[in-house]
Amino acid sequence: MHVVRPLIFVWAALMSLLALTIAASFALTGPLSLVTSMGVATVKAVLVYWFFMHLREEGGLIRLAAIAGIAWLMIFFFLALADYATRSSS
Amino acid sequence: MTSDHMVDAASHPAQPGIAETAEERVSYLRAGHTLGSWLFTSDHKRIAILYFISVTFFFFVGGAAATLMRADLLTPQADLLSDEGYNRAFTLHGVIMVWFFLIPSIPNTFGNFLVPLMIGARDLAFPRLNLLSWYIYMLGGLFTIYVLIAGGVDTGWTFYTPLSSMFANGNVVLAATAVFIVGFSSILTGLNFIVTIHKLRAPGMTWGRLPLFIWSLYATSLILVLATPILSVTLALIAAERLFGIGVFNPSLGGDPLLYQHLFWFYSHPAVYIMVLPALGVVSELVAAAARKPVFGYQFVAGSSIAIAAIGFLVWGHHMFVAGQSAYASAIFSFLSLAVAVPSGIKVYNWTATLYKGQISLDPPFLFAMSFIGLFVVGGLTGVILAMLAVDVHVHDTYFVVAHFHYIMVGGTVSAYFGALHYWWPKIIGRRYSLAWGRLSAALIFLGFNLTFFPQFLLGYLGMPRRYHVYPPEFQVLHVLSTAGASILGVAYLLPFTYLFYSMRYGKPAGANPWEATGLEWSIPSPPPKHNFAERPTVTRAPYDYTIEYEESDD
Ligand code: HEM
Ligand SMILES: [Cu+2]
């Protein structure tokens, strides 16, 4: 049971975060809505990584490998945005 | 029945040639004679040979396409191929050379063979996954052969949208599928190498004692694992747009055509380092063995491999300077592209310092290493020139670019491939080959290469665009020179296969360490026994600890 309990807590947390996302999509508009839903999504992803994917129990090397995927996605977004955010509209 | 017959013929003492040696009898080469014992092997050494045969095959298929193109370019008119045929020839040439030769070339042949031997292990961490990666490679290869027979594709190896989406003709989907499939073979190999290098090193084989070839393969594997999935996703997005009308790249569906180029080069610039990093590792080994000295600045040469792998991910936009990317982004990518040349420069300086005052051997492997260094410097420096924003506007999409990347990928990587072949052949096969013929092919390859590709720098600078087969008559002289060089190069590439093949039967037994080199792979018999090491080796010495014999000199 003590193995399952944290998982149920995490699942419940994910569900309430989902509720938060849905609520925010009605309550907020514009950039604020984007920031909120991205923020909530990040928290969800961290929970999944940490508990469901067992990174909590792993050593530094495995954690590093897991982070690498996200980090590389960030590199892509960051440098691609250097183009998209500064392109002239003409 | 046939296999029994072959065994008899091979071990029969009355046959001409040099009789089987005691080492050969217990080697991996004789551990099973049936076709099945090769096709279902999980021995990394045999898988290396399977890969060697297949990538060499594709090297010559890709070479055939190049031959057609060079023949067509002899005159300013189109005489051999139609416009469409020419487009299809350069596309297949690129697709085959990049994904079916260059990327797997050194890692999957020499890497597969040497990683366990160099770190003192019995095999890779996942031997069956290793075999699976070869089957996936072959499946992708079959798709490619099918595309070839079915008439080809005309998008160029880059599959740029909208050529591959709205205006596609030919077998774009099949060709992209072939590349998609072969990507998984790369990922499995990268994963296997990373785990093996982390987990299976012999006692005493610390990170600071790893051979530099292993460091470079480790860096390569990181790129294979981190970059290849991006290519798979990108090709899948093309499919999603074509099949389901999801707007990703097509502006009329709300997509952005440049997004394709961002995604493609986010994979493909790192991929050019997949192609050259293993070659840099080979050259570090060859330079140390040629100079008989420890590699100058070992930590820097090792670290620069990792630096290249990391910085290589930050420069992709240099392929898009004139494609409509924002000027601000171009400036950032230009700066980062200059930065990636620094670790490559470190390697070249350190090799030179290693050779300085060494007793340099001029045996074939080392001649290949020397020509690598020269050609890699030209290729790298012209890369820096191309990374300058203003210059690139002039030479983008001309033969200057073609010359740049052929100096690195052909002058560099293919020379290193042949260097590795000449260096480790006696280990792999257990026989010596003719050094004189080896020196001759190294020299011919160097000459033929420069005659083929140096004129292309001039052509590009003068304004000859790439991917055209009809051109103004004033360019003809340089094109004829280039085709003449290509003919020499073609013959020179075939030459080693004759005397190496001959040595399998008539060569003298090589002995364990014909070059008197350091490294665990030279401490076991040639060819290696099935399980590599009779007992687990323990490493107690620094890498490349040659006793230095300086040349006589005054200072
Ligand atoms: C010193 C590091 C390097 C720099 C700064 C560099 C820079 C560049 C630049 C700016 C271009 C774009 C030129 C244009 O299209 O106008 C280019 C093209 C290219 N480079 Fe490099 N390069 C470097 C190393 C390499 C290496 C190591 C390889 C291969 C192993 C390579 C392979 C290529 C290829 C294949 C292309 C052309 C791609 C295409 O459009 O088909 N480069 N390089
Ligand atoms: Cu690039």
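What follows is a conversation about reading the metal sites, the chain interface and the salt bridges of a predicted model.

Colleague: Before we look at features, what should I know about the model and its numbering?

Modeller: This is a predicted model, in which local features need pLDDT of at least 70 and side-chain atom pairs count only at pLDDT 80 or more, while totals for chains, interfaces and linings use all residues; side-chain values use heavy atoms, with hydrogens and water left out. Residues are numbered from 1 along each chain as its sequence is written, and chains are lettered from A and ligands numbered from 1 in the order in which they are written.

Colleague: Let's start with copper. Which protein donors does the copper ion (ligand 2) have?

Modeller: Donors are N, O and S atoms within 2.8 Å of the metal (3.2 Å for Na, K and Ca), and sites may look incomplete because water is not among the atoms. Here the protein donors are H269(B) through ND1, and H318(B) and H319(B) through NE2, lying 1.9 to 2.0 Å from the copper ion. Along the chain their spacing reads H-x48-H-H.

Colleague: Is H318(B) buried or exposed?

Modeller: Buried means under 20% relative accessible area, exposed over 50%, and partly exposed in between (1.4 Å probe, protein chains only). H318(B) counts as buried because its relative accessibility is 17%.

Colleague: On to the interface. How many residues of chain A and chain B are in contact?

Modeller: Contact means heavy atoms within 4.5 Å. By that rule, 12 residues of chain A touch 19 residues of chain B. Buried area is the accessible area (1.4 Å probe) that two parts lose on being put together, summed over both. For these chains it comes to about 1400 Å², with 77% on carbon and sulfur atoms. W72(A), F76(A) and L79(A) supply 45% of the area that chain A buries against chain B, more than any other three residues.

Colleague: How many salt bridges cross between chain A and chain B?

Modeller: A salt bridge is a side-chain nitrogen of Lys or Arg within 4 Å of a carboxyl oxygen of Asp or Glu. The rule finds one across this interface, in which R87(A) and D256(B) meet at 3.6 Å, N to O. The side of chain A that touches chain B has nine nonpolar residues, one polar and two charged. In that grouping, Ala, Val, Leu, Ile, Met, Phe, Trp, Tyr, Cys and Pro are nonpolar, Asp, Glu, Lys and Arg charged, and the others, Gly among them, polar.

Colleague: Which residue of chain A does R87(A) also pair with?

Modeller: R87(A) forms a salt bridge with D83(A), the closest N and O atoms being 2.9 Å apart. D83(A) is buried, because its relative accessible area is 0%, whereas R87(A), at 26%, counts as partly exposed.

Colleague: What is the count of salt bridges over all chains?

Modeller: The count comes to 12. Another of them joins R541(B) to D545(B), the closest N and O atoms being 2.8 Å apart.
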